[in-house]
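Open the model in your viewer and keep the selection panel at hand. The stops below go from chain to chain and then into the spaces inside.

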Number of protein chains: 2
Amino acid sequence: MTAAAPRPQRNLNVPGLVAALQKILKADQVSTNAGIRDRHGHDESYHESHAPDVVVFPESTEEVSAIAKVAAEFGAPVIPFGVGTSLEGHVAALDGGISIDMGRMNKVIEVNADDLDVKVQAGVTRKALNAYIKDQGLFFPIDPGADATIGGMTATRASGTNAVRYGTMRENVLGLTVVLADGRIIQTGGRSRKSAAGYDLTRLFVGSEGTLGIITEIRLRLYGVPEAMAAAVANFPDIGSAVNTVIRTIQAGVPVARIELLDEVQIDAINKYSKLNFAVRPTLFFEFHGTETGVAEQSALVNEIGAEFGMSDFNWTSKAEDRNKMWQARHDAFYAGLALRPGAKGWPTDVCVPISRLANCILETKADVAASGLLTPLVGHVGDGNFHLCIILNPDDAEEAARAKALTDRLAHRAIAMGGTCTGEHGIGYGKIPFLEAEHGSAVAVMRQLKTTLDPDNRMNPGKIFRA
Amino acid sequence: MTAAAPRPQRNLNVPGLVAALQKILKADQVSTNAGIRDRHGHDESYHESHAPDVVVFPESTEEVSAIAKVAAEFGAPVIPFGVGTSLEGHVAALDGGISIDMGRMNKVIEVNADDLDVKVQAGVTRKALNAYIKDQGLFFPIDPGADATIGGMTATRASGTNAVRYGTMRENVLGLTVVLADGRIIQTGGRSRKSAAGYDLTRLFVGSEGTLGIITEIRLRLYGVPEAMAAAVANFPDIGSAVNTVIRTIQAGVPVARIELLDEVQIDAINKYSKLNFAVRPTLFFEFHGTETGVAEQSALVNEIGAEFGMSDFNWTSKAEDRNKMWQARHDAFYAGLALRPGAKGWPTDVCVPISRLANCILETKADVAASGLLTPLVGHVGDGNFHLCIILNPDDAEEAARAKALTDRLAHRAIAMGGTCTGEHGIGYGKIPFLEAEHGSAVAVMRQLKTTLDPDNRMNPGKIFRA
């Protein structure tokens, strides 16, 4: 377990704070119930839980602004909360304070089908959004696996399986409504596809993990559902061959929609968890989007490349049912890994490297895993150069946790040394702070300057991204 | 003419500043020659020229850092200069100071063909870059028309004809080396295709127009030259039909590489200037990239859509020579407009609106142009919802300039009211400052806070983006 560093005391007047919040909100919008507070103190990861002092449930941007003003008055920390599917302890209230649960801000505000954009409140989940727009032939592709909120995905710069084709939240957020530390409400971005008007505040808040302000509304790009979609599963004699097939596919410019690697440990886990019978070998899951001929062309190209690397069983399907079963199994990979060892917790990593370094990075990491003796399925959005080890560990075994920490440290530094990043999509939270400086050097001081400018009292999700 | 607002005096010790610069640079790297200073005080637009006190020609990031430290010591403004093709007075030394000409920082530092990325010094022009990487089957698509430097394109968040398919500089810059106001050197971004590690400083500097720091090196995404490319020219009975063809093409998700509108005034101008004989009617120029079948498929789809709107003469060619002639004429559109009225200057606008509003925006604007009595060819990257009026005016005629100003004011506010932007790609410079607040409201105060944090003495390209 990563224990939270000792935090400075804030001497928060909790009863006064709660009373002030109750004054501006309805009774059922403010809770100090221990169970509710506990549920808001942790995410899905192994990180230690830190319950907030109070949880609020705003229903509008104006209410969030009013909450921020009360928080400023009392010097209280503010931690936005979506559905708690983050993986680096993002929602932990390290210094106590107010958890702002965005769950009631779950409205799709406006769909512009003609312009392929939509405006949603931050608490809308990606599945809810896709269900809402499906009938209009539209979809929102960013898919981190969990049914996260759009607000949380924006705050962590999420991506996932479709990013190789459609980009990440960075590329797909057109604009934001943000409540600042002092309660000011600003609008960033706009509805046009491009703009050269002033600083790109949208991109500054995307990935800021709640440390600069509270994202309350998001305008997103949408896409028309492709005319044709097809998926394929292929397995390989060894993991190097699978990765080299990925590298060549990307370098050839094949516009795959998804290209996911699962190692033999992960395949075994999902076979057991999802009652499937994939060959227990390094495997790639593909998805192709386009016109009928485009999809056939892409598939043929990949088949050709894979053949050079001993690919077998390139099982292609354009049936939605088969596709859904395959991707559901992929999405359940984290839970499938956990099920290998009942009672264990998952410690997922998410380095990302330039595609040409991916084979080296994975092979060195697999050797390191073998030496560590740890149970770690490997799965990844390899088209982006991004992969996950998920260390399945007993968090109460200090020796095992130390081995896990050493493994993840080496992995992060390996990726950074290859020109990559310690986190492709999960964010820094409070779990990856030591790597930020290794990756960005003197630029971290500039990030801190921006943080201090917008949050001089360090009350916006304190202890995340930066230790101070 | 837009006269520069009166500027506060800085009481700059110019002889002392020049002597200090001569101490850290070679003799031929520092110039106070009047002709050289004049050339660095203006761009290609109608904006008034303001010569700097001194021009320096650094050859490395370290030299830029040393220059920044001298500038800080003397309280001198610093204005980065590429090749002077900006259009909103970006390079004008409104408060005097140092123009940093990046022309000698013209090296391609590193090409990673396997990862489709490249690192260049800021003074490399887009044509020089493309010439350098051509033999490796690679290209950099962002094409604002002029042969601008990559540094200038980054600083203004440039886009141009290919943006509808490949995005703008926002999407294609992977990382930067930046020299800050106090001389600190930072690296932003990295080589991996995505990262969730900390604030997106790269996107903060892209489009910051030299007001936050000096961009000295840029890492860019590259693309493989498509297997097939084809172009087509089509004309229409009226401009509404042409624009509706564009709207339907984009809404249908056809991945056109370029889709440009030229009105009959602009077509007449390029016929004369480039000795061509296009029908003098509203016209679209298309380009398609992809596989052979993909390009044929895209072209067929556009032909089908256009037919519904009376499109004629869909002249398709896959000959590189014909394509180049057509795009050269398109790129010369600004100069062709100027040639309609010898001695005149060009006042180009560049609003961008959501695609569904494009027809309304253009039709209302054309009516407004007719009422104004001004000569204004219209051309645009309409797939993005972006178009240019280029007002061809006698800058010394105050009455005509006032009519032009009124027309551009109405156009900017029309675009903003439609959910668009006052500037799709040229930037704010000192010409569009009044529109920034109209577009971004209270978010402008946040932009100013960031500016003050990184440039407390307001020495980095002062008077651009913000008046103060």
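Helices (H or I, at least four residues) and strands (E, at least two) are DSSP runs, numbered from the N terminus. This is a predicted model, in which local features need pLDDT of at least 70, side-chain atom pairs count only at pLDDT 80 or more, and totals for chains, interfaces and linings use all residues. Residues are numbered from 1 along each chain as its sequence is written, chains are lettered from A in the order in which they are written, and side-chain values use heavy atoms, without hydrogens and water.

**Both chains.** A turn of 180 degrees and a shift of 0.0 Å along the axis give an RMSD of 0.0 Å. That is the relation of a two-fold axis. Now show contacts (heavy atoms within 4.5 Å). Of the interface residues of chain A, 100% are also interface residues in chain B, so the copies meet through the same surface.

A cavity is a set of points on a 1 Å grid over the protein atoms alone where a 1.4 Å probe fits but cannot get out; lining residues have an atom within 4 Å of a point. A volume is the space filled by probe spheres set on the points, which are joined across faces, edges and corners. The structure holds three cavities of 30 Å³ or more. Select Thr85(A), Ser86(A), Leu87(A), Pro144(A) and Ala148(A), the closest to its centre of 48 lining residues. Then colour S3, H5, S10, H12, H13 and S18 of chain A, each of which supplies at least two residues of this lining.

**Second largest cavity.** About 220 Å³ of space lies here. Of its 21 lining residues, Gly189(A), Gly190(A), Ser195(A), Arg203(A) and Arg170(B) lie nearest the centre. Strand S9 and helix H8 of chain A, with helices H16 and H17 of chain B, each give two or more residues to the lining. H8(A) gives the most, with three residues.

**Helix H3 of chain B.** Select residues 61-74. At 1.5 Å a residue (times one less than the number of residues), these 14 residues should span 20 Å, and the end C-alpha atoms are 20 Å apart, which agrees. Buried residues (under 20% relative accessible area, 1.4 Å probe, protein chains only) include Val64(B), Ile67(B) and Val70(B). Finish at Gly75(B), which follows H3(B) and has a positive phi, near 65 degrees.

Conventions: Buried means under 20% relative accessible area, exposed over 50%, partly exposed in between (1.4 Å probe, protein chains only). Copies are superposed by least squares on the C-alpha atoms of residues with pLDDT of at least 70 in both. On a 1 Å grid over the protein atoms alone, a cavity is a set of points where a 1.4 Å probe fits but cannot get out, and a pocket is an open set with protein on both sides within 12 Å along at least five of seven lines; lining residues have an atom within 4 Å of a point.
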